[in-house]
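Hi,

Here is the model I promised to pass on.

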Amino acid sequence: MSTGENTASNRRDSKRGSTVNTVIVMVCTFASRLLGFVRNALIASLFGAGGDASILHLTFAVPNNLRKLMAEGALSSAFIPEISASLARGKGRNADYAKSLTSLLIGFQLLVLIPLSIIGIIYAETLIKYVLSELKEPDRIALAVSLFRWFIFYIVLISVNATIMAVLNSHNEFLVPALTPVLFSVAVISSLLLLYRHLGVFAMAVGVLSGGVAQIFFQLPAFIKHGYSIFPRFKFSEPGFARIMRRWGPVVMSSSIFSIIQIVAIRFASGIDDSGVAGLQNAIIFWQLPMGIFSASVSTVMFPKMARLTAEGNERELNTTIAQGIELLLVLLIPSMLVLVFLGHEIIAVAYQRYRFTAGDTAYTVKIMSAYSYGLFSVGAYNFMQRYHFSRDRYKTVTATAVVIALVDISLSILWKNTALGVAGLALANTVAFTIGFLLLYLPMIKSRGLEILKGNLRTLVKLLPALIPGALVLYLHHMLYGTWWTSGSSAINLLRLLIVAGVYSVLTLFMYRISGIDAVNILLRRRRNR
């Protein structure tokens, strides 16, 4: 076999490996999201669409957004390129360096987050009154403060967990990290079922903290197998640690901006009507299903690979990886958007519509979810392009783009929140802002790397759009002919109806992808040849 044939074969194997790893992460994430639906449906049935449910969503949103500064968002985005570059250079001293750097990072997290958690407990009431200023009733404020004092410790647990996950992903190990969110949902569901009668809303706090601990211990065997230690180090003089901190600053700014966007959206939603926050959060949960299964899976697998290829100087393979990542997002997120738009009422009704969650709550939530759904590909592609720029050490570019996104999002939210759109206006503002953000990162990448990636993406789009027509017709006809059964709410027969139409759509779309020659599907299904 010639050198050219070997190179082509290696490139095919690399694409196949990336695709298989992406599918592994997607399957695990699907299981996690499915349990997440059960978890949130349980919360909705126990606490309704407003009241205590809103307080739960509001208080957990604060530490859940703050974790992005120290967990899988900011610090991991600064850490993965460094450890991937170290591992790309080989074993020996470089492997020891990666282990040392990991212990330093864990030490840094503990040094910052434990005091931060203590401060959060002491000043919880002040923080809640400031962040959730729309809350006026003393009893609701008191409940939010008490819950927050439990939830704040989640930041420490999820941050250490994210470091372990980043290390395993950099070693091309994806199954164990992808399974850990399942444990979190199991812990929360179990706590709600077993402790709700005794603890009320505080059963959620027990579930969150026990789930955070479970995630760490589940990953430890694989982490230790690679020679890493959970014990922290505090000598921060390593040059690599300084590089992580320099990168971390811009990523923290970006993550802070997005956290501010979400907090502003929550504050706006809480001022529109009593169901605004719960409606926003419920819509985001369903919108995040394809985001978590597809977009996050693609970025999780491709980010360490892009960082490694950058360190190796393998520009041709890097181009192939970028094109493959965008292609996967196109073929996965655009059909997902159609499902959320056409089957929104059916999905929300089957999942939530029981007890105190009414048909009116379903219609309210679907209006918000549809506005988010139009930006599904834009947000997913933005996140992927963000990881590309991180792998190229272009952190300031991402920060500048995040500022633009925030300005557009908040400006449009102010403009639309008091119109007939209501809370849906906040979702639509998010869609427009992230579409602009994606273009601001994608177009400079095309300019610097040449037009081959753009041509490949356009070829995929040309194959994709006709392939989606039969499935889209199925969804449209179902919507026109059977578009009212969801009003009867959650039931076994309605679940069966939803599964049938979604299953027909999925099978038909995959079949059309296959005969249309969509590369991502063919790579996955193609048998290994010449072995």
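To start with a spot you can look up yourself: in which loop is the place of Asp 393? The residue sits in the loop between helix H15 (376-391) and helix H16 (395-416). Helices here are DSSP runs of H or I with at least four residues, strands are runs of E with at least two, and both are numbered from the N terminus.

Before going further, please note that this is a predicted model: local features need pLDDT of at least 70, side-chain atom pairs count only at pLDDT 80 or more, and totals for chains, interfaces and linings use all residues. Residues are numbered from 1 along each chain as its sequence is written, and side-chain values use heavy atoms, with hydrogens and water left out.

Back to Asp 393: it has a positive phi of about 65 degrees, although it is not a glycine. Most residues other than glycine have a negative phi. With a relative accessible area of 46%, Asp 393 is partly exposed (buried means under 20%, exposed over 50%, partly exposed in between, using a 1.4 Å probe and protein chains only). Asn 172 also has a positive phi of about 65 degrees without being a glycine. You'll find Asn 172 in the loop between helix H7 (154-170) and helix H8 (175-199), and at 49% relative accessibility it counts as partly exposed.

As for the whole chain, it has 20 helices and zero strands. Of its 531 residues, 55% count as buried.

Phe 258, Ala 265, Phe 268, Ala 269 and Ile 272 in H10 meet Val 423, Leu 426 and Phe 434 in H17, where contact means heavy atoms within 4.5 Å.

Then there's H14 (residues 359-373): at 1.5 Å a residue its 15 residues should span 21 Å, and the end C-alpha atoms are 20 Å apart, which agrees. (The expected span is 1.5 Å times one less than the number of residues.) Its buried residues include Asp 361, Thr 365, Ile 368 and Tyr 372. The buried residues of H14 pack against H11 (276-312), H12 (315-342), H13 (344-352), H15 and H17.

Cheers
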